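Here is a friendly walk through one model, in questions and answers. Have the sequence and the structure open as you read.

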Amino acid sequence: MEVLVSKNNFCEMALDTLIVPVFEDRNFSVEYLNELYDYAQNKLNFTGKYLEFINIPTFNKNNFKTVLFCGIGKNDEFNLNKLRVVFSKAFQEIQGKNLNSVAVLADNMLEDIKNVSKNIIEGAFIGLYKFNKYKSKKNENEKITKIVLLSDKDNDAKDGVRSGELVACAVNFARDLINEPAEVVTPSKLAEIASKISNLEVKIYGKNEAKELGMGAFLAVGQGSRHEPKFIHMKYSPSGVVNKKIVLVGKGITFDSGGLDLKPPASMLEMKGDMAGAAAVLAIMRTLSVLKPNLEVHGLIAACENMPNSAAYKPGDVLTAMNGKTIEVDNTDAEGRLTLADALCYAETLKPDVIIDIATLTGACCVALGKVASGLMGNNDSLIETLQFAAEDAGEYLWEMPMYEEYFDDMKSDIADFKNAGSRYGGTSAAALFLKNFVQDTPWAHIDIAGTSILSKPLREFPKGATGVGVRTILNYICNL
Ligand code: BES
Ligand code: MN
Ligand code: ZN
């Protein structure tokens with residue numbers, strides 16, 4: 001898709017559709033469009049309320065085939081997050097109708113044209129995303145191939161367009177990886193993708209090397225699969241000074257069958273997406289060479305598949321993690337925390353200033369927060385607050401969950417230091433307390449995206465399917481450090 005910015009001379013432009021945002025409580029008057037707008041208002045009852053859309057054919061009376069009026073609601077209730085949602089839906093209205101080129105009136109909404117442009121493009125790219133690689137019929141000719149943003153402040157608009165494209169492409173990269181079948185995205189495939197990212201130093205540890213490092217918890221999870229586990233370490237170094245050292249850890253279970261504690265069919269269906277944390281980390285790492293932050297950023301993924309073959313780890317097994325702590329396996333389906341345990345120990349050896357892990361960790365998080373917000377926990381209030389600001393600004397929702405010690409009571413073990421699972425209640429907090437055993441004093445945050453990584457129905461700017469959640473929050477966090 002090609003995105004251009006042009007000054008506001010749409011009367012001379014020949015594109016398929018013009019998108020026109022309209023406030024509910026402000027007079028609309030653009031000479032060129034007044035006749036059509038009267039028609040929309042008086043004959044089609046268009047009022048401009050938020051998310052009201054009317055796509056009107058012009059029958060060649062002007063140089064667009066159709067004009068799409070978009071309601072953007074009340075003037076003082078409007079903001080950049082709503083704008084992103086409006087444009088996601090607006091472009092979805094146009095999609096599939098053989099309207100290939102689209103102009104957008106961008107100057108009549110909010111002052112900050114840079115962020116207006118960013119959010120228009122982010123909304124468009126996120127809304128138009130389709131995973132149709134495996135469809136035999138693709139309807140390529142129905143695709144939108146060109147967007148022209150109309151703004152008099154074209155330099156600011158261009159900056160915004162560029163950053164909107166960058167962020168949305170990162171999000172969509174993660175969505176692609178999550179939507180791929182688990183037989184395609186195996187641990188080796190994740191390792192290969194990491195190795196191909198330019199401008200990073202990448203180290204891949206196979207089974208034997210991970211064993212030498214003492215990663216007994218991670219390796220146990222992967223031992224029941226025919227796919228070899230891979231521990232992936234990516235490093236981005238800035239060309240200038242290093243202000244801070246950040247480690248990102250993504251849960252990379254390429255398929256979670258539950259292991260010998262096998263999941264029921266309905267719960268297993270989405271488990272090719274149990275590497276959504278890893279997908280987010282890969283998407284972020286490949287964006288750094290464009291953003292060029294003055295930070296050293298490490299991306300870690302303990303990639304493996306949780307399967308129940310005859311070599312599989314068993315309930316009752318005792319595992320030793322990289323820091324020497326021992327874990328009794330209570331439930332082989334609580335595998336994510338075992339892989340993260342060793343990844344967090346490895347993260348500590350890098351002596352970072354901050355560790356952030358992102359993981360589809362607990363069904364309990366989905367029960368607590370639904371598909372609306374991700375869970376946020378950690379050992380450092382200021383890091384948590386900073387991440388919440390970054391999320392809100394990026395259009396993602398992060399809700400802090402408690403870390404009261406009592407949630408760990410049910411994870412005491414008679415024979416090892418602790419177990420990997422306990423009560424069904426408070427499962428999100430218990431999992432975070434488990435992870436805390438593998439972090440030293442480094443400021444650490446844990447993001448549970450079990451509920452938010454895949455949608456079964458549309459939410460905000462997202463159609464159903466993988467969301468690439470976390471990418472925008474963490475990129476925004478990195479950009480503002
Ligand atoms: N990958 C799942 C969590 C999950 C559930 C992600 C639903 C996305 C959607 C995780 O490995 C898991 O199975 N967790 C168990 C933990 C339990 C056995 C303590 C769970 O949540 O039931
Ligand atoms: Mn599991
Ligand atoms: Zn899992």
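Q: In which helix is Arg175 found?
A: Helices (H or I, at least four residues) and strands (E, at least two) are DSSP runs, numbered from the N terminus. This is a predicted model, in which local features need pLDDT of at least 70 and side-chain atom pairs count only at pLDDT 80 or more, while totals for chains, interfaces and linings use all residues; side-chain values use heavy atoms, with hydrogens and water left out. Residues are numbered from 1 along each chain as its sequence is written, and chains are lettered from A and ligands numbered from 1 in the order in which they are written. Residues 154-179 make up the helix that holds Arg175, namely H4.

Q: Which residue has its backbone oxygen 3.1 Å from a polar atom of the side chain of Arg175?
A: Arg175 touches several residues (heavy atoms within 4.5 Å), not counting those up to four places away in sequence. Among them are Phe125, Tyr129, Phe462 and Pro463. The backbone oxygen lying 3.1 Å from the Arg175 side chain belongs to Ile126.

Q: At what angle does H4 run to E1?
A: Axes are lines fitted to C-alpha atoms, for helices over the stretch in contact, and angles run from 0 to 180 degrees between N-to-C directions. H4 lies across E1 and E6. Its angle to E1 is about 160°.

Q: What is the strand order of the open sheet of six strands?
A: Two strands pair if DSSP finds at least two bridges between them. The pairing in this sheet is mixed: E1 and E6 run parallel, joined by five bridges, whereas E3 and E4 pair in the antiparallel sense. The order is E1-E6-E5-E2-E4-E3.

Q: How many of the residues of strand E4 are buried?
A: In a regular strand the side chains alternate between the two faces of the sheet. In E4, Thr66, Leu68 and Cys70 point one way and Val67, Phe69 and Gly71 the other way, and all are buried. Strand E4 (residues 66-71) is thus mostly covered, and its buried residues number six of six.

Q: Which residue stands opposite Thr66 in E4?
A: Strand E2 (residues 17-22) and E4 run parallel, joined by six bridges. Opposite Thr66 stands Thr17.

Q: Which residue in E17 is the bridge partner of Ala359?
A: The open sheet of eight strands has the order E7-E8-E10-E9-E13-E17-E14-E15. Strand E13 (residues 354-359) is joined to strand E17 (residues 444-448) by five bridges, and the two run parallel. The partner of Ala359 is Asp448.

Q: Is Lys143 buried or partly exposed, and what is its relative accessible area?
A: Lys143 is in the loop between helix H3 (113-128) and strand E6 (146-150). Lys143 is partly exposed, because its relative accessible area is 43%.

Conventions
Polar contact = N/O pair within 3.5 Å; in protein donor to acceptor, adjacent residues only side chain to side chain. Buried < 20%, exposed > 50% of the residue type's maximum accessible area, 1.4 Å probe, protein only.
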